[in-house]
Amino acid sequence: MQSKCFTTQRVVLYCKDISLITGRKYRAARKLYLAILRAFDKQPKQFVTLQEFCLYTGIQEEIVINYLKS
């Protein structure tokens with residue numbers, strides 16, 4: 001039986017991802033994460049999506065996707 005290789009594209013970003021993408025420390029990335037939540041009128045337990053992060057920061061989605069793949 002052959003196994004299929006599935007590639008998943010992430011939809012959500014976490015503070016650690018934001019820290020790595022922006023080069024900020026974790027606490028600064030957490031503040032940015034919370035600012036994005038407020039900007040999109042989300043509750044603290046909800047997630048920040050890749051699209052929301054890109055809209056808020058102005059970074060192109062392709063750049064973020066390529067960065068997350070590496």
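The legends below describe close-up views of a predicted model.

**View 1. Helix H1 and its buried residues.**
Helix H1 spans residues 15-22. Its buried residues are Cys15, Asp17, Ile18, Ser19 and Ile21. The cover over these buried positions includes strand E1 and helices H2, H3 and H4. After H1 comes glycine 23, which has a positive phi, near 80°.

**View 2. Serine 19 in helix H1.**
Serine 19 sits in H1. Its relative accessibility is 15%, and because buried means under 20%, serine 19 counts as buried. Leaving aside residues up to four places away in sequence, serine 19 touches Arg24, Lys25, Tyr26 and Ala29.

**View 3. The crossing of H1 and H4.**
The axes of helices H1 and H4 come within 11 Å and cross at roughly 105°. H1 is therefore roughly perpendicular to H4. On the H1 side the contact is made by Asp17, Leu20 and Ile21, and on the H4 side by Val64, Tyr67 and Leu68. By residue class, the contact of H1 with H4 has 5 nonpolar residues, no polar ones and 1 charged.

Arginine 10 has a relative accessibility of 36% and so counts as partly exposed. Aspartate 17, in contrast, is buried, because its relative accessible area is 11%. Aspartate 17 is also one of the H1 residues that make the contact with H4.

**View 4. The salt bridge of lysine 42 with glutamate 52.**
Lysine 42 and glutamate 52 form a salt bridge whose closest N and O atoms are 3.0 Å apart. Lysine 42 belongs to the loop between H2 and E2, whereas glutamate 52 belongs to helix H3, so the pair ties together parts that are 10 residues apart in sequence. Which of the two partners is buried, and which partly exposed? Lysine 42 is partly exposed, because its relative accessible area is 22%. Glutamate 52 has a relative accessibility of 14% and so counts as buried.

**View 5. Helix H3 and what covers it.**
Helix H3 covers residues 50-57, and its buried residues are Leu50, Glu52, Phe53 and Cys54. Among the elements over these buried residues are strand E1 (12-13), helix H1, helix H2 (26-39), strand E2 (48-49) and helix H4 (61-69). Glutamate 52, one of the buried residues of H3, is the salt-bridge partner of lysine 42. H3 is followed by glycine 58, which has a positive phi, near 85°.

**View 6. Cysteine 15 and cysteine 54.**
This view shows a cysteine of H1 and a cysteine of H3. Cysteine 15 has a relative accessibility of 7% and therefore counts as buried. Cysteine 54 is buried because its relative accessible area is 7%. How many disulfides does the structure hold? The structure holds 0 disulfides. A disulfide is a covalent bond between the sulfur atoms of two cysteines.

Terms used. Residues numbered from 1 in each chain as written. Predicted model: local features only at pLDDT ≥ 70, side-chain atom pairs only at ≥ 80, totals over all residues. Heavy atoms only, no water. Helix = DSSP H or I, 4+ residues; strand = E, 2+ residues; numbered from the N terminus. Buried < 20%, exposed > 50% of the residue type's maximum accessible area, 1.4 Å probe, protein only. Contact = heavy atoms within 4.5 Å. Axes fitted to C-alpha atoms, helices over the stretch in contact; angles between N-to-C directions. Parallel < 35°, antiparallel > 145°, perpendicular 65-115°, else oblique. Nonpolar A, V, L, I, M, F, W, Y, C, P; charged D, E, K, R; others polar. Salt bridge = Lys/Arg side-chain N within 4 Å of Asp/Glu carboxyl O. Disulfide = S-S within 2.5 Å.
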